[in-house]
Structures are given as C-alpha cells and as structure tokens.
Amino acid sequence: MPSPPSPAVPIRAPTSTASRPGALRAGLLLASAGAIAFSGKAILAKLIYEWPIDAVTLIFYRMLFALPLFAVMAWWAGRGKASLTASQARIVLVLGFTGYYAASMLDFMGLEDITASLERLILYLNPSFVLLLGAMVFGRRVGWRHVAAIALSYAGVLVVFAQEIGLQGAHAVLGALLVLGSALSYAVYLLMSGKLVGELGSLRLAGWAGVVASFFCIAQFALIKPWQAVWVPMPVVWLSLLNATVCTVAPILMVMMAIERIGPALTAQTGMLGPLSTIALSVWLLHEPFTPWLLLGTALVLAGIYALTRARL
C-alpha cells in the first residue's frame with residue numbers, strides 16, 4: 001500500500017502538533033494500532049476461507065458492512081464544504097475502482113493461494129511501485145540509492161516466494177501475481193489521487209473512494225452470484241463484520257489521525273509493524289510455518305523499504 005508504507009490512504013502534510021510529547025506518543029500509538037489492525041485483514045480472510053467461501057462473497061460482505069462507515073466518513077469530512085464537482089466525481093469513480101475495488105479483489109483472490117505472510121510482504125513493496133510508475137509516467141528521477149533499496153526489498157520477496165513454491169506448489173505463482181496486481185492497482189490510485197487529496201482532504205477522499213468501491217463489490221456479487229449465495233455461516237458474517245470495521249475503516253482513521261500528529265514519514269516508519277504483526281498472527285492463528293527463510297526475506301523487505309523511504313524524505 002502507500003507512498004510511505006502505511007495501510008491505505010493518501011497523506012497530507014503534518015501539523016505543528018508533532019512537536020509536542022503528548023502528540024508524539026498519541027501519534028505513535030495510533031500509527032502502531034493502525035498498522036497492526038490493517039495487517040489482520042489477511043488473517044481474517046484466511047479464517048473465512050476455511051468455509052466454502054470465495055473472494056467475491058468475502059469482499060461483498062466486507063464492503064457491505066464497511067459501506068455505511070465510509071459514507072459517514074465522507075459526510076463528516078465534507079461538512080460545511082462544497083459538493084463534489086462533476087470532474088471530481090469522475091476522478092473519485094476511477095480512484096474507487098482502482099484503489100479500493102480492484103486492489104482489494106485481486107488481493108483476496110491471491111490470498112486463496114498464498115500465505116498471509118507472503119501477501120503482506122508483496123503489498124509492502126507498494127512504495128517501490130509508486131516510485132517506478134512515477135518515473136515512467138511523470139519522468140521523476142530515480143537514483144542509485146532508490147534502485148539499491150528496491151533491489152533489496154525485491155530480493156526479500158523472492159526469498160519468501162521460493163519457499164512458498166515449495167509449500168504451495170504452482171498455485172503460489174498465480175496467488176503472488178494476483179497480489180502483485182493488487183499492489184500495482186493501489187499504486188495507480190496513489191499516483192492519480194495527489195491533486196484530489198489537496199482539493200478534498202485525504203479523509204473525505206478515502207470515504208468517497210470507499211463508498212464507490214462498496215457499490216462495485218455489491219454490484220459484482222449481485223450480477224454473478226445466485227441470490228442463495230447471500231446465506232453464509234454465521235461465523236463468516238461475524239468475521240466479515242470484524243474485517244470491515246477493525247481491519248478496514250478503523251485503520252484508515254487511525255493512520256490519518258497519526259499523520260496529523262507525527263507526520264507521514266514517522267507514520268510510515270511505524271507502519272513497518274504491519275508485516276511483522278501479520279507474520280506473528282499467521283503463525284499463531286493460522287499455523288503457517290515460521291522458517292529462517294521467512295525471517296530473512298522479511299528482514300530484507302523491511303530494510304529495503306526503510307532505505308527507500310529515507311531516500312525519498
């Protein structure tokens with residue numbers, strides 16, 4: 001996800017409150033809680049997949065429960081402000097499709113075939129995708145430090161991916177490609193959202209993009225699934241509710257509040273807790289194997305993304 005590595009929203013400039021000790025502590029706690037909560041998304045998806053549920057049904061229930069929360073977020077952030085123009089509405093439609101619908105759909109489809117640990121590491125490469133796409137589309141400069149950092153983080157993913165093929169077989173290739181597509185789709189969202197963030201504010205944009213994505217997910221389910229598919233086991237409903245609230249909307253709010261207190265750079269560094277918490281939860285709750293190769297790959301990815309983020313400050 002994002003251009004520094006954090007759960008999922010465009011960022012605005014830090015405020016002066018970051019210099020106060022209380023704001024620093026609160027910001028670090030919010031950023032940590034947001035990173036950990038967002039990392040639980042993959043864990044809950046894996047738990048839901050223990051029932052005969054596919055990605056279309058999973059994302060339908062997730063966004064069905066998240067829709068009213070996104071709507072409240074968009075309304076709250078837009079109080080007293082002008083309505084969206086036709087041009088802004090068209091851009092929000094595209095951003096909701098690429099950043100929240102397509103990225104989420106590809107991610108959950110990929111999770112059917114790979115471990116939660118590998119999924120989180122691939123998504124954590126998002127800053128490198130933003131940098132590379134920015135260089136190709138806007139001609140932004142990429143220095144040797146950027147290249148070295150990207151190579152280091154990609155090497156880490158390849159280490160874990162090689163282990164995954166041994167555990168999951170050929171399915172791991174498809175799953176990894178789908179999650180890679182998710183990261184690329186979200187990178188497109190971040191690149192396209194820059195101007196609109198300044199016009200609407202990041203919280204309002206995230207709310208509207210979430211509303212748009214929710215309608216896409218609900219419409220997709222209605223078009224390709226029989227009506228009987230809406231009936232799922234109650235544990236799936238409760239896990240989906242948890243996924244929508246604790247692991248989707250709440251992390252967005254916590255990360256935005258953290259950015260207001262400590263700024264985007266420090267929030268991004270704190271976001272490194274995400275891959276670590278995903279691995280810990282996957283070993284604990286999903287009984288996924290914890291191997292030296294996973295440890296090595298994670299260390300390389302974190303080191304590479306840290307170096308990339310520092311190079312861009």
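Biologist: Is Asp54 buried, partly exposed or exposed?

Modeller: Keep in mind that this is a predicted model. Asp54 has a relative accessible area of 24%. Buried would need a value under 20%, and exposed one over 50%, so Asp54 counts as partly exposed.

Biologist: And which residue does Asp54 meet in a salt bridge?

Modeller: Asp54 sits in the loop between H1 and helix H2 (55-77), and its partner is in the loop between helix H8 (202-224) and helix H9 (234-270). That means the pair ties together parts that are 171 residues apart in sequence. The N to O distance is 2.5 Å, and the residue is Lys225.

Biologist: How many salt bridges are there in total?

Modeller: To count, a Lys or Arg side-chain nitrogen has to be within 4 Å of a carboxyl oxygen of Asp or Glu. The pair of Lys225 and Asp54 passes at 2.5 Å. By this rule, the count is four.

Biologist: Which residue does Lys41 meet in a salt bridge at 3.1 Å?

Modeller: The two side chains come together at 3.1 Å, N to O. The pair links distant parts of the chain, with Lys41 in helix H1 (residues 21-48) and its partner in helix H4 (residues 116-123), 78 residues apart. Both residues are buried. The partner of Lys41 is Glu119.

Biologist: Where does H7 bend?

Modeller: H7 runs over residues 171-200 and reaches 41 Å from its first C-alpha to its last, close to the 44 Å expected. After the helix comes Gly201, with a positive phi near 95 degrees. The bend within H7 is about 50 degrees, and it falls at Ser193.

Biologist: At what angle do H4 and H7 pack?

Modeller: The meeting residues are Glu119, Ile122 and Leu123 in H4, against Ala176, Val179, Leu180, Ser182 and Ala183 in H7. The crossing is right-handed. The axes of H4 and H7 are 9 Å apart, and the angle is about 35 degrees.

Biologist: Which residues does Ser214 touch, leaving aside those up to four places away in sequence?

Modeller: Ser214 is in helix H8. Its relative accessibility is 0%, so Ser214 counts as buried. Setting aside its close sequence neighbours, Ser214 touches Met63, Leu67 and Phe70.

Biologist: Last one: which residues of H10 are buried?

Modeller: H10 covers residues 273-285, and its end C-alpha atoms are 18 Å apart, which agrees with the 18 Å its 13 residues should span. Just after the helix, His287 takes a positive phi of about 60 degrees. Buried here calls for under 20% relative accessible area. The buried residues of H10 are Gly274, Pro275, Ser277, Thr278, Ile279 and Ser282.

How values were computed. Residues numbered from 1 in each chain as written. Predicted model: local features only at pLDDT ≥ 70, side-chain atom pairs only at ≥ 80, totals over all residues. Heavy atoms only, no water. Helix = DSSP H or I, 4+ residues; strand = E, 2+ residues; numbered from the N terminus. Expected span 1.5 Å × (residues − 1). Bend = angle between axes of the 7 residues up to and from the residue. Buried < 20%, exposed > 50% of the residue type's maximum accessible area, 1.4 Å probe, protein only. Contact = heavy atoms within 4.5 Å. Axes fitted to C-alpha atoms, helices over the stretch in contact; angles between N-to-C directions. Left-handed = near helix turned anticlockwise from the far one by under 90°.
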